[in-house]
Amino acid sequence: LRLNFPSPNGNADRALAGDLWIKSGATLQMSSTVNNKLTVGRDFTLDGTFLMPPAVGGDIYIGRNWNRAAAGIFTHNDRAVFMNTNQDGTITANGNGQYFPYLYITKTAAADSIRLRDSIAIGKEMSVTAGTFDLAAKDAVLLSNATETARFGTVGGSGDVAYSGVGRFIVERYIPTGTGLGQHGKTWQFLSVPTNGGQTIRQAWQEGASTPNQNNKPGYGTMITGNMTNATSLGFDVATAQSAGPGMKVFNSAGNNWTGVPNTSSTALHNAKGYMIFVRGDRSVTTFSGPTSVPVPTNMRSRGKLFVPVSNPAPVTTVSAGSFESIGNPLASAVDFTLLSKPIPANLDEAYYVWDPLLPGPRWGLGGYQLIASSNAYKPSPGGTANYSNAVPYTKIQSGQAFMVHATGAGGNV
């Protein structure tokens, strides 16, 4: 069935008050050229094939349940799924998970819920403007790759996230280490952790390895070194010389220096300051020379609860007078520095510092800081890289990115 009447390509939105069931062997195709939307008042059941329009705005609105059979084919064409109305609903994909480029929970009130019965993955954006999104016993993955990092957007005044079971968010951060076009070599990365809830460093960024340098999840995590003789007994992959410095460290504002993490086996991953960590690639990159020394792309991911305004507010960082401080972006989305709640410019400099792995850096070419200040219209200095052009203003701190601030004056809370 093609929704193409009265014209060959369709020119009207379609709506039904009850259920829509696309049976096995059947195909429903929305317009192939225009942005007609489809509204289903109650349940959407997909046993056959459903093709959405390629035009922006050609989305589907579902009042209650999303049900896709294992053989059901959802051709999303980069369109959005809205879960609306005041009816409680569920998302079911019969055990094999569901990918949505865009998923928006737009219920009527906070008491209206959408509950996961199967895990989902988000390619571009998810938000909860109204209603409660309950992960129950399943996970929701915010994907990241070379071209896109999914974001968890607006949480409205009557929106929230609940965890009635063991389900959690998994937030990815793609790192383009490698030797190909658009990639860079082994470098330091200044990363934040946008989830909390109990994962250790080893469980997350070492992908739960049970032995040093175990690569049980290719494409994820990285080798983490410790500069102490008993490093491997503390969860690190390799023990390096003390003079080499730690491979993963936290900024110490009191001493204006860096402190290595004490271990990876029991240290909680979440840290409001973020981490400076040396990333060689995924956990297959383990040596200085030879076949296993060549950098490859990796994904640094964490599993836990997202920071949202009502049920899990983001942490507050206190910046002391006359000091630098590091802050990890706590949200699984970009944040605008100009919109942060922070002290007036007389107390906290109207500027921030980000680590750019493409800068040559003062030592070994492993990256350097870009200063982004209001006094320069938020154009980075020195700029001049593919990440930060000195001709373009940058006010946003990306998902998974940490940054530094400085208080020339009295400081305060950010």
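Visitor: In the hairpin of E22 and E23, which residue takes a positive phi, and near what value?

Guide: This is a predicted model, and in it the hairpin formed by E22 and E23 has 4 residues between the strands. The residue with a positive phi in this hairpin is Asn-256, and its phi lies near 55°.

Visitor: How many bridges join strand E22 to E23, and which residue stands opposite Asn-257?

Guide: Strand E22, residues 248-252, runs antiparallel to E23, and the two are joined by 4 bridges. Across from Asn-257 in E23 stands Asn-252.

Visitor: What is the order of the strands in the open sheet, and which are the edge strands?

Guide: The open sheet has 4 strands with antiparallel pairing, in the order E18-E24-E22-E23. An edge strand pairs on one side only, which here applies to strand E18 (187-191) and strand E23 (257-260). From one strand to the next the twist averages 35°, and the edge strands asked for are E18 and E23.

Visitor: Where in E24 is the bridge partner of Trp-188?

Guide: Strand E24, residues 275-279, runs antiparallel to E18, and 5 bridges join the two. Within E24, the bridge partner of Trp-188 is Phe-278.

Visitor: Leaving aside its neighbours within four places in sequence, with which residues is Phe-152 in contact?

Guide: Once its neighbours within four places in sequence are left aside, the residues in contact with Phe-152 are Met-126, Val-128, Leu-142, Val-161, Phe-169, Leu-306, Val-308, Ala-332 and Ser-333.

Visitor: Is Asp-134, which forms a salt bridge with Arg-115, buried or partly exposed?

Guide: The closest N and O atoms of Asp-134 and Arg-115 are 3.9 Å apart, and the pair links distant parts of the chain, with Asp-134 in strand E14 and Arg-115 in strand E13 (residues 113-116), 19 residues apart. Arg-115 has a relative accessible area of 37% and is therefore partly exposed. Asp-134 has 10% relative accessibility, so Asp-134 counts as buried.

Visitor: Which parts does the pair of Glu-325 and Lys-273 tie together, and how many residues apart are they in sequence?

Guide: The side chains of Glu-325 and Lys-273 meet in a salt bridge, at 2.6 Å from N to O. Glu-325, at 5% relative accessibility, counts as buried, whereas Lys-273, with a relative accessible area of 22%, is partly exposed. Because Glu-325 lies in strand E27 (residues 324-328) and Lys-273 in the loop between E23 and E24, the pair ties together parts whose separation in sequence is 52 residues.

Visitor: Which residues do salt bridges that share partners join into one network?

Guide: The side chains of Glu-148 and Arg-151 meet in a salt bridge, at 3.6 Å from N to O. Glu-148 counts as partly exposed at 25% relative accessibility, and Arg-151 counts as partly exposed at 29%. The network joined through shared partners consists of Glu-125, Glu-148 and Arg-151.

Notes: Residues are numbered from 1 along each chain as its sequence is written. This is a predicted model: local features need pLDDT of at least 70, side-chain atom pairs count only at pLDDT 80 or more; totals for chains, interfaces and linings use all residues. Side-chain values use heavy atoms; hydrogens and water are left out. Two strands pair if DSSP finds at least two bridges between them. Axes are lines fitted to C-alpha atoms, for helices over the stretch in contact, and angles run from 0 to 180 degrees between N-to-C directions. Contact means heavy atoms within 4.5 Å. A salt bridge is a side-chain nitrogen of Lys or Arg within 4 Å of a carboxyl oxygen of Asp or Glu. Buried means under 20% relative accessible area, exposed over 50%, partly exposed in between (1.4 Å probe, protein chains only).
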